[in-house]
Amino acid sequence: MGIKWRSSTWYITTVVTYGAWTEAFVYMVGVPIIPFRLEDLGFTHFSTRSSWFLFSYCIAISIYTLPNAIFLDKRSWRRSPMIVATCAMQLSLLLLILVKQYWAMVLTRIIQGLSCTVIWSVGFALICENVDQKVVGRQLGIAFTGSHLGNVVGPAAGSGLYSAFGWKGPWILCMGVCSIELIARWLVIEKNTIVIHQSGEQTKHVKKQDGYTTTPIAAPSPISEMTDSQANEHRLVKEKSNQLSPFQVVIGLFSIPRSLTAISVNFGTGLVIGAIDPTLTLRLKDQWGKDSHFVGLVYLATIAPVLLTGVITGHLADKFGAEWIVPTTSLLAAPFCLLMILQNSLLGFIMSFGLMNFFINCALAPIGVEVSAVTRDNDGISELHQFAALNLAWAAPMAIGTVIGGQLYDRIGWTSVCWFCFACCLITVPATLAYTGDRPLLRRFLKRNSISRTTT
């Protein structure tokens, strides 16, 4: 029932977008309230303990991402793993409500990280496998908007519910959010499944009527011939990818310059966000005496402008190429990291934080277009492999960044955190100039200079 809309581009994009929102929401709900929860339970060294709590989530994603991608890439299904992952997420949220021991809280966060590995990697691969390549940047941009929206709503909802209902309030809301996601994912029909179903109907058993042998013909499919050809093309790519060993897949992901550059950009962005998450709450508390509710409002005010960046930058990457967007946004984000050192102006601090967030998030959708292009140009590397690598390049540095940020804040101070973020924004710029896009900016510049010299 509903095969047409359940397998449509927009429904699949909506489900993946909601899943990305859920993943970001569940992560960000805890960011402004964890230090206050630890204080209520009688713990000390809030910054360090908060950073390890966030670290456990990210390190679980880092360890499980590539094995999960290599295993699932050899299977034809995507929906079932996402349903199982959502159920595991529900279990971890329930445990987080009940436990009070610090080690048990960390364990529940690890389970959440394992679940989000599947939700993120498989979800974005599902778009690339079921959407026309001409609009994949736009659809990925919409899906990334879900992640931005989760970053906006999560801290505000977490701090507000914590202030009103205590520790259980935010996590009960998360369980409700995941329940909706579970139903939506269950309704998805993948287009390669439709092709298999059609093939099965065309080879059904033979009936006999009035002495004549007749073979039933499958009913016309509501999916167009172009969709079927795309699904068959995906099947052929999958057969090629299955010929590679896991070791060859990993080598391929990290040896192709264009792929490695995209992964590096995600790595640098993850370090920045990882360092900020456990320390921003403490900075606002120590410098200006603000509580968790105010921190949530800061996230809401500063991240809201990035909601449309995914759609806009994804469309621009489809039309003009990612090479114009990725290095530019990294360069623009770097100065605002240093402006966050401001001590006297709370408004200036919030504006600097918001602009830094805006520019680093502008690169996410173009990076998705990049890895999709790498998949098309390199046999044996699938969309699931690429988005798993991006997920790894996001989670591992976030895990590292949370620990570095927490330690820097406790031992040196907020200024060292800002300088660390500044360096992370700039470190990948040379690689993006050299390898991002079909015609990287550095190559264009060198070619133009060569033509000018020849003409002279």
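Select Trp21 first: with a relative accessible area of 14%, this residue is buried, since buried means under 20%. The model on display is a predicted one. Tyr18 and Trp21 both belong to helix α2, where they stand 3 residues apart, about one turn of the helix. Is Tyr18 buried or partly exposed? Its relative accessibility is 22%, so Tyr18 counts as partly exposed.

Display the side chains of both residues. A search of the whole structure finds 10 aromatic pairs. In the pair formed by Tyr18 and Trp21, the ring centres are 5.4 Å apart and the planes lie at 40 degrees, so the pair is tilted.

**Along helix α2**

Remain in helix α2, which covers residues 9–29, and select Thr13. Thr13 has a relative accessibility of 1% and therefore counts as buried. Which residues does Thr13 touch, leaving aside its neighbours within four places in sequence? The contacts are with Ile127, Gln139 and Ile142.

**The whole chain**

Zoom out and colour the model by secondary structure. The chain contains 21 helices and 2 strands. Of its 456 residues, 57% are buried. Consider next the contacts between residues at least 6 apart in sequence: 84% of them join residues at least 24 apart.

**Asn68 in helix α4**

Select helix α4, residues 46–73, and within it Asn68. The relative accessible area of Asn68 is 4%, so this residue is buried. Apart from neighbours within four places in sequence, Asn68 is in contact with Thr117, Val118 and Val122. Then select Ala388 and display the C-alpha atoms. Asn68 and Ala388 are 320 residues apart along the chain, yet their C-alpha atoms are separated by 8.2 Å.

**Helices α15 and α16**

Select residues 326–339, which form helix α15, and residues 346–361, which form helix α16. Their axes come within 8 Å and cross at roughly 160 degrees. Because angles over 145 degrees count as roughly antiparallel, α15 and α16 are roughly antiparallel to each other. The crossing of α15 past α16 is left-handed.

Show the side chains where the two helices meet. On the α15 side the contact is made by Thr329, Leu332, Ala333, Phe336, Cys337 and Leu339. On the α16 side it is made by Ser352, Leu355, Met356, Phe359 and Ile360. How many residues of each class take part in the contact of α15 with α16? There are 9 nonpolar and 2 polar residues, and no charged ones.

Keep Leu339 of helix α15 selected. With a relative accessible area of 40%, Leu339 is partly exposed. Leu339 and Thr415 are 76 residues apart in sequence, and the distance between them is 10.0 Å, C-alpha to C-alpha.

**From α16 to α19**

Select Phe349 and Trp414. Phe349 and Trp414 are both buried. Together Phe349 and Trp414 form a tilted aromatic pair, 5.8 Å centre to centre, with 55 degrees between the planes. Phe349 lies in helix α16 and Trp414 in helix α19, residues 414–426, so the pair ties together parts that are 65 residues apart in sequence.

**Helices α12 and α19**

Finish with helix α12, residues 257–288, displayed beside α19. What is the angle at which α12 and α19 pack? It is about 160 degrees, with the axes 9 Å apart. That angle makes α12 roughly antiparallel to α19. In passing α19, helix α12 makes a left-handed crossing.

Colour the residues of this contact separately by helix:

- From α12, select Gly268, Leu271, Val272, Ala275, Ile276, Thr279, Leu280 and Arg283.
- From α19, select Trp414, Val417, Phe420, Cys421, Cys424 and Cys425.

Terms used
Residues are numbered from 1 along each chain as its sequence is written. This is a predicted model: local features need pLDDT of at least 70, side-chain atom pairs count only at pLDDT 80 or more; totals for chains, interfaces and linings use all residues. Side-chain values use heavy atoms; hydrogens and water are left out. Axes are lines fitted to C-alpha atoms, for helices over the stretch in contact, and angles run from 0 to 180 degrees between N-to-C directions. Helices (H or I, at least four residues) and strands (E, at least two) are DSSP runs, numbered from the N terminus. Angles under 35 degrees count as roughly parallel, over 145 as roughly antiparallel, 65 to 115 as roughly perpendicular and the rest as oblique. A crossing is left-handed if the near helix is turned anticlockwise from the far one by less than a right angle, and right-handed if clockwise. Contact means heavy atoms within 4.5 Å. Ala, Val, Leu, Ile, Met, Phe, Trp, Tyr, Cys and Pro count as nonpolar, Asp, Glu, Lys and Arg as charged, and the others, Gly among them, as polar. Buried means under 20% relative accessible area, exposed over 50%, partly exposed in between (1.4 Å probe, protein chains only). Rings of Phe, Tyr and Trp (its six-membered ring) pair if their centres lie within 6.5 Å; planes under 30 degrees apart count as stacked, over 60 as edge-to-face and the rest as tilted.
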